[in-house]
Structure formats: structure tokens, C-alpha cells
Amino acid sequence: MSDKEFTIAAVRVEDMEPLSAILSALRHARKKHPGALTPHERMTVLTEEVGEVAQALNDTGMIGCREAMKGELAQVAAVCIRMMMGE
Ligand SMILES: [Mg+2]
């Protein structure tokens with residue numbers, strides 16, 4: 001089995017929803033902010049997005065926080081992907 005086949009086999013059906021949300025956030029971010037940033041600038045964006053996850057958690061508490069954080073977590077992942085891609 002190749003590395004690519006192994007990676008695809010490791011993805012569960014229930015992973016599709018968060019992965020889809022991440023890809024949607026990535027597409028939205030690239031459309032809204034198409035330019036590349038320096039790593040330091042992108043780090044600032046990442047920190048802001050992580051802060052928004054914390055804000056969503058604080059606003060909702062333990063009950064319902066996962067649902068409230070989903071969008072922000074997808075945005076964090078999208079920023080991470082852009083950093084990994086050197087955007
Ligand atoms: Mg956000």
C-alpha cells in the first residue's frame with residue numbers, strides 16, 4: 001500500500017463533515033484574502049482565529065460549545081494549511 005492509499009484509508013466517513021468545513025473555510029479565506037502573507041503576519045491571523053475559538057467556548061460554556069466552535073476551528077485549520085503552503 002502506498003503512502004497515499006494509507007492516508008485515504010485512515011480517513012473515516014465521520015471525518016468528512018469537518019474536512020468539508022475546513023475546505024470550505026480555506027476556499028472562503030483564499031477568495032476573501034487572496035494575497036500571501038509573511039509567516040509572522042500569518043501567525044497573527046492564526047492567533048486571532050484561535051482567540052475566536054476561545055471566545056466561542058466562553059460564550060457558550062460546556063453545553064453546545066462544540067457546535068459553536070466548529071466554524072472557528074475550521075478557520076484555524078484553514079490558516080494552518082495556508083501557513084504550511086507558504087501562502
Ligand atoms: Mg474566525
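The largest nonpolar core in this predicted model has seven residues: Ala25, Leu26, Leu73, Ala74, Val76, Ala78 and Val79. Helices H2 and H4 each supply at least two residues of this core. H4 gives the most, with five residues. In soluble globular proteins, nonpolar side chains tend to be buried together.

**Overall build**

The chain has four helices and zero strands. From the N terminus on, its elements run α-α-α-α. Along the principal axes, the C-alpha trace spans about 45 × 35 × 20 Å. Of the 87 residues, 10% count as buried. Contacts between residues at least 6 apart in sequence were also sorted by separation: 64% of them join residues at least 24 apart.

**The H2–H4 packing**

Two packed helices are described by the angle between their axes and the distance between the axes. The axes of H2 and H4 come within 8 Å. They cross at roughly 65°, and the crossing is right-handed. On the H2 side, the contact is made by Ala21, Ile22, Ala25, Leu26 and Ala29. H4 brings Lys70, Ala74, Gln75, Ala77, Ala78, Ile81 and Arg82. By class, this contact has nine nonpolar, one polar and two charged residues. Leu26 belongs to the core and also to the helix contact. Residues up to four places away in sequence aside, Leu26 touches Ala78 and Ile81.

**Glu49**

Glu49 lies in helix H3. Is Glu49 buried or exposed? Glu49 counts as buried because it has 20 C-beta neighbours inside 10 Å. Leaving aside neighbours within four places in sequence, Glu49 is in contact with Glu72, Gln75, Val76 and Val79. Glu49 and Ala36 are 13 residues apart in sequence. In space they are 17 Å apart, C-alpha to C-alpha.

**Confidence**

The chain averages a pLDDT of 92. Of the residues, 94% score at least 70.

| Helix | Confidence in the chain | Mean pLDDT |
|---|---|---|
| H1 (residues 3-10) | lowest | 72 |
| H2 | highest | 97 |

Where pLDDT is low, the predicted coordinates should not be read in detail. H2, where confidence is highest, is one of the two helices in the crossing described above.

Key
Residues numbered from 1 in each chain as written. Predicted model: local features only at pLDDT ≥ 70, side-chain atom pairs only at ≥ 80, totals over all residues. Axes fitted to C-alpha atoms, helices over the stretch in contact; angles between N-to-C directions. Left-handed = near helix turned anticlockwise from the far one by under 90°. Contact = placed C-beta atoms within 7 Å. Nonpolar A, V, L, I, M, F, W, Y, C, P; charged D, E, K, R; others polar. Core = buried A, V, L, I, M, F, W, Y, C linked by C-beta atoms within 7 Å. Buried ≥ 20, exposed ≤ 12 C-beta atoms within 10 Å, placed from the backbone. pLDDT = per-residue confidence, 0-100.
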